[in-house]
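Here's a quick briefing to read with the model open on your screen.

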Amino acid sequence: MSDHVVPHFQNDAGVAMIEIGSKEFMCVGANPPFDHPHVFLDLGNDNEIICPYCSTLYRYAPDLAPGQARPPECVLKDKVA
């Protein structure tokens, strides 16, 4: 399971809905340091889920690759020092 990376998404833009290509992911709210507790969300058999912290609606989009989002700036990229 260590080879499975859970994508992280953020909503600095304040959009109402983010389309994603993953069924399991983490929502962090805004970019750190303005983030909320990082919450693991699993769509299961559903195609939509609302983050309980920031109320962002995430919608599964099968045309996106795992870890991709629309808008693309909502993908949280690792900060390399």
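A charge sits over a ring if NZ of Lys or CZ of Arg is within 6 Å of the ring centre and within 35 degrees of the ring normal. Lysine 23 gives you a case of this: its charged end sits over the ring of tyrosine 60, 4.8 Å from the centre. Keep in mind that this is a predicted model. With that said, here's the rundown by topic.

**Aromatic pairs**

- Searching the whole structure turns up three aromatic pairs.
- One of them is phenylalanine 9 with phenylalanine 25: the ring centres are 5.6 Å apart and the planes stand at 70°, so this pair is edge-to-face.
- Phenylalanine 9 belongs to strand β1 (residues 8-9) and phenylalanine 25 to strand β3 (residues 24-29), so the pair ties together parts 16 residues apart in sequence.
- Phenylalanine 9 has 0% relative accessibility, so it counts as buried.
- Phenylalanine 25 also counts as buried, because its relative accessibility is 0%.
- Phenylalanine 25 pairs with tyrosine 58 too, and here the geometry is tilted, with 4.6 Å centre to centre and 50° between the planes.
- Tyrosine 58 is buried, as is phenylalanine 25.
- Put together, the ring pairs link Phe9, Phe25 and Tyr58 into a cluster.

**Salt bridges**

- How many salt bridges does the count come to? It comes to three.
- Glutamate 19 bridges to arginine 70, with the closest N and O atoms 2.6 Å apart.
- This pair links distant parts of the chain: glutamate 19 is in strand β2 (residues 17-20) and arginine 70 in strand β7 (residues 69-70), 51 residues apart.
- Glutamate 19 has a relative accessible area of 22%, so it is partly exposed.
- For arginine 70 the relative accessible area is 33%, which means partly exposed.
- Arginine 70 also meets aspartate 63 in a salt bridge, at 3.1 Å from N to O.
- Is aspartate 63 buried or exposed? It counts as exposed, because its relative accessibility is 56%.
- These contacts join Glu19, Asp63 and Arg70 in a network of salt bridges.
- Glutamate 48 and arginine 59 make a salt bridge as well, at 2.5 Å from N to O.
- Here too the partners come from distant parts of the chain, with glutamate 48 in strand β5 (residues 48-50) and arginine 59 in strand β6, eleven residues apart.
- Glutamate 48 counts as partly exposed because its relative accessibility is 38%.
- Arginine 59 is at 29% relative accessibility, so it counts as partly exposed.

**Nonpolar core**

- The largest nonpolar core has 13 residues.
- Which residues have the most contacts inside the core? They are Phe9, Ile20, Phe25, Leu41, Tyr58 and Ala69.
- Strands β2, β3 and β4 (35-42) each supply at least two residues of this core.
- Leaving aside neighbours within four places in sequence, alanine 69 touches Phe9, Ile18, Glu19, Ile20, Leu64, Cys74 and Val75.

**The three-strand sheet**

- Three strands make an open sheet, in the order β1-β3-β4, and the pairing is mixed.
- β1 and β4 stand at the edges with a single partner strand each, so one side of each has no neighbour in the sheet.
- β1 and β3 run parallel and are joined by two bridges.
- Which residue in β3 is the bridge partner of histidine 8? That partner is methionine 26.

- β2 pairs with β6 in the parallel sense, over four bridges.
- Isoleucine 20 stands opposite tyrosine 60 in β6, and tyrosine 60 is also the ring under the charged end of lysine 23.

Conventions. Residues are numbered from 1 along each chain as its sequence is written. This is a predicted model: local features need pLDDT of at least 70, side-chain atom pairs count only at pLDDT 80 or more; totals for chains, interfaces and linings use all residues. Side-chain values use heavy atoms; hydrogens and water are left out. Rings of Phe, Tyr and Trp (its six-membered ring) pair if their centres lie within 6.5 Å; planes under 30 degrees apart count as stacked, over 60 as edge-to-face and the rest as tilted. Buried means under 20% relative accessible area, exposed over 50%, partly exposed in between (1.4 Å probe, protein chains only). A salt bridge is a side-chain nitrogen of Lys or Arg within 4 Å of a carboxyl oxygen of Asp or Glu. A nonpolar core is a set of buried Ala, Val, Leu, Ile, Met, Phe, Trp, Tyr and Cys residues joined through side-chain atoms within 4.5 Å. Contact means heavy atoms within 4.5 Å. Two strands pair if DSSP finds at least two bridges between them.
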